[in-house]
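Here are my notes on the model, point by point. Please read them with the structure open.

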Amino acid sequence: MAFFKRVQKKVNALWYPQSVTVGKPVTTDEIADELAIRSTVTRGDTYAVMKNLGAVLGNYMAQGRSVKIEGVGTFYYTAATNKQGVETSQEVSASQITGVRVRFLPEVGRNSSGQIMTRSMVNTKIFWEEWGGTSTSTGSGSQTGSDGENQEESPLL
């Protein structure tokens, strides 16, 4: 079950549902245990692979490549320039880049007419319930209102 809370946006004073994460984040150990149950490898093997995944993805993306993991999605770098634009294309240089972000596009399944039918990692049987608690996890991630606008930056990006 997923949770939402009611939030009024300052921009237009309208109310929207905003997703809420609860509790502590799921740990690498918990994921390794679940993957070991669902596969033929041990928890230790799964844990070792997961611990090295970030470095492997980073190495490939540093080579200018995107990384597509079947059943998960595609990871890629984008450059941040913090509004350091220049007047002409000849002036553009790598020194304008002030940071790097990792972007993620979840894998999608499309029908014959190209319409998205499924998204990886989105449970088709998700049930939304209004959050009645008072505290939420600090790493709440990206929140999207019903207007489709991103409400806050994900700490993972």
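1. Element order. From the N terminus on, the protein chain runs β-β-α-α-β-β-β-β-β-β-β-β. That comes to 2 helices and 10 strands. The model is predicted, and confidence is taken up next.

2. Confidence. The mean pLDDT of the protein chain is 82. Of its residues, 83% reach 70 or more. Over residues 136-157, pLDDT stays under 50. The model still has 40 contacts beyond four places in sequence for residues 136-157. Where pLDDT is low, the predicted coordinates should not be read in detail.

3. Whole-chain figures. The protein chain has 157 residues, and 17% of them count as buried. Its accessible surface comes to about 12,000 Å². Carbon and sulfur atoms account for 54% of that surface. Take the contacts between residues at least 6 apart in sequence: 40% of these join residues at least 24 apart.

4. Strand β1 and its partners. Which strands pair with β1, and in what sense? Strand β1 covers residues 2-8 and pairs with strand β8, residues 128-130, in the parallel sense. This pairing runs over 3 bridges. A2 stands opposite W128 in β8. Strand β2, residues 15-20, pairs with β1 in the antiparallel sense, over 6 bridges. Here F3 stands opposite V20 in β2.

5. The β1-β2 hairpin. β1 and β2 form a hairpin, with 6 residues between them. In the turn, A13 has a positive phi of about 65°.

6. V22 lies in the loop between β2 and α1 (28-38). Its relative accessible area is 33%, so V22 is partly exposed. Leaving aside neighbours within four places in sequence, V22 is in contact with F3 and W131. V22 and F3 are 19 residues apart in sequence. From C-alpha to C-alpha, V22 and F3 are 8.1 Å apart in space.

7. The structure holds 5 salt bridges. One of them joins R6 and E130, with the closest N and O atoms 2.7 Å apart. The pair links distant parts of the chain: R6 is in strand β1 and E130 in strand β8, 124 residues apart. These are the two strands that pair in the parallel sense. R6 is exposed, at 59% relative accessible area. E130 counts as partly exposed, at 33%.

8. R38 forms a salt bridge with E34. Their closest N and O atoms are 2.8 Å apart. Why are R38 and E34 separated by about one helical turn? Because they are 4 residues apart in helix α1. R38 is exposed, with a relative accessible area of 68%. E34 is partly exposed, at 37% relative accessibility.

9. Salt bridge between E107 and K68. The closest N and O atoms of this salt bridge are 2.9 Å apart. E107 lies in the loop between β5 and β6 (108-110), and K68 in strand β3 (residues 67-69), so the pair ties together parts that are 39 residues apart in sequence. Are these two residues buried, partly exposed or exposed? E107 counts as partly exposed, at 23% relative accessibility. K68 counts as exposed, at 56%.

10. Salt-bridge network. D29, D33 and R43 are linked in a network of salt bridges.

11. Nonpolar surface patch. Which residues make the nonpolar surface patch of about 330 Å²? They are Y77, I97, V100 and V102. V100 is found in strand β5, residues 99-106. V100 counts as exposed, because its relative accessibility is 56% and the cut-off is over 50%.

12. Q96 is found in the loop between β4 (73-80) and β5. Is Q96 buried or exposed? It is buried, with a relative accessible area of 11%. Not counting residues up to four places away in sequence, Q96 touches A80, T81, Q84, G85, V86 and E91.

Key
Residues numbered from 1 in each chain as written. Predicted model: local features only at pLDDT ≥ 70, side-chain atom pairs only at ≥ 80, totals over all residues. Heavy atoms only, no water. Pairing = 2+ DSSP bridges. Patch = residues over 30% accessible without salt bridge, like charges linked within 9 Å, V, L, I, M, F, W, Y side chains within 5 Å. Areas by Shrake-Rupley, 256 points an atom, 1.4 Å probe, with all protein chains shown as cover. Salt bridge = Lys/Arg side-chain N within 4 Å of Asp/Glu carboxyl O. Buried < 20%, exposed > 50% of the residue type's maximum accessible area, 1.4 Å probe, protein only. pLDDT = per-residue confidence, 0-100. Contact = heavy atoms within 4.5 Å.
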